[in-house]
Amino acid sequence: MQTQKKATGANLSVIKAFNLIEVMAYQPGPMRLQDIARLVGAPSSSVLRLLSSLMSMGYVNQNKDLRYSLSLKFSLIGRLVSAQTDLHGIIHPHLIELEQICQESACMAIEQDMRVLYADVIHGPDNLLKTTQYIGKTAPMHCTGVGKLLMTNYSDSDIDRYIETRGLHPYTEHTIKTKEELLDELTRIRSQGYALDDEECELGARCIAAPIYDYTKQVVACISVSGPVSRMSHDRLGDIRPTILEFSKQISETLSYSEQMR
């Protein structure tokens with residue numbers, strides 16, 4: 001029984017320490033002990049002990065005004081964890097499930113040299129898009145759902161560089177053709193949280209895409225569901241939307257993204 005009490009106490013200590021770390025991480029600057037204790041909901045004496053332990057390990061700094069802040073050692077830990085993170089390994093099982101639920105092709109895409117790179121593809125039951133979507137294929141960004149989502153990371157100068165480098169080639173009559181149209185589309189996508197490719201890259205095909213965020217609040221990848229217009233009606237896209245958004249939320253949380261960060 002005594003061993004169990006010690007284990008429980010150790011777990012509670014870890015929980016309290018990480019709660020303190022998360023509270024400090026969301027604040028804009030160094031904090032007073034009283035303010036940390038108030039936000040954590042613990043006595044100042046208990047918080048001071050936790051801070052002292054973290055300081056001894058180099059995770060917390062104290063300035064000359066006796067205010068506390070997290071150290072850049074957390075950045076090192078973050079980089080090490082990021083290097084170990086296998087996006088494909090994390091997302092692949094979700095793509096399999098997404099294809100099974102929607103009965104359409106499910107893809108994962110990333111950005112490479114201002115192009116969309118399809119890093120993983122699970123083909124639908126009829127393999128109808130097998131020749132247009134496959135692992136390793138690249139596609140333009142301005143006329144694909146995944147590409148437009150990746151472009152929400154772009155600044156205005158990045159948009160200008162894309163247009164200068166890649167252009168806004170009209171692949172179909174539905175393709176975005178001007179910077180103004182592109183900016184309006186990106187604003188709409190940021191607001192609604194997903195993107196569509198409504199026969200913009202290829203006539204006869206529609207796609208709905210959702211973003212994958214990491215702890216930096218950037219779109220690091222996207223997932224999508226694609227199919228022929230004969231099946232992917234606008235009503236069907238609406239039916240798929242909650243599912244793909246839930247999958248994107250789950251994957252983003254795995255990458256330490258939180259809605260509070262937006």
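Visitor: Which residue in β7 is the bridge partner of D197?

Guide: That would be C207. Keep in mind that you're looking at a predicted model.

Visitor: What makes β6 and β7 a pair?

Guide: Two strands need at least two bridges between them to pair.

Visitor: Which order do the strands of the open sheet follow?

Guide: Six strands line up as β5-β4-β3-β8-β7-β6, with antiparallel pairing.

Visitor: Why do β5 and β6 stand at the edges?

Guide: β5 (138-139) and β6 (195-198) each have a single partner strand, so one side of each has no neighbour in the sheet.

Visitor: Which helix lies across β3, β4, β7 and β8?

Guide: Helix α5, residues 87-102. Its angle to β8 (219-228) is about 25 degrees.

Visitor: How do you know that R236 and E104 form a salt bridge?

Guide: The cut-off is 4 Å from a side-chain nitrogen of Lys or Arg to a carboxyl oxygen of Asp or Glu. For R236 and E104 the N to O value is 3.1 Å, which is within 4 Å, so the pair counts. R236 sits in helix α9 (residues 234-254) and E104 in the loop between α5 and β3, so this bridge ties together parts 132 residues apart in sequence.

Visitor: Why is E104 called buried?

Guide: Buried means under 20% relative accessible area. E104 comes in at 2%, so it's buried. R236 has 22%, between the 20% and 50% cut-offs, so it's called partly exposed.

Visitor: What makes D156 and K179 a salt bridge?

Guide: Their closest N and O atoms are 3.3 Å apart, within the 4 Å limit, so they qualify. D156 belongs to helix α7 (residues 156-165) and K179 to helix α8 (residues 179-192), so distant parts of the chain, 23 residues apart, are linked. D156 is partly exposed at 43% relative accessibility, and K179 is partly exposed too, at 21%.

Visitor: Which residues do salt bridges with shared partners join into one network?

Guide: K148, E185, R188 and E200.

Visitor: How do you know that R32 and D35 form a salt bridge?

Guide: Same test: the closest N and O atoms are 3.0 Å apart, within 4 Å, so the pair passes. R32 has a relative accessible area of 35%, so it falls between 20% and 50% and is partly exposed.

Visitor: How many salt bridges does that rule give?

Guide: The count comes to 13.

Terms used: Residues numbered from 1 in each chain as written. Predicted model: local features only at pLDDT ≥ 70, side-chain atom pairs only at ≥ 80, totals over all residues. Heavy atoms only, no water. Helix = DSSP H or I, 4+ residues; strand = E, 2+ residues; numbered from the N terminus. Contact = heavy atoms within 4.5 Å. Axes fitted to C-alpha atoms, helices over the stretch in contact; angles between N-to-C directions. Buried < 20%, exposed > 50% of the residue type's maximum accessible area, 1.4 Å probe, protein only.
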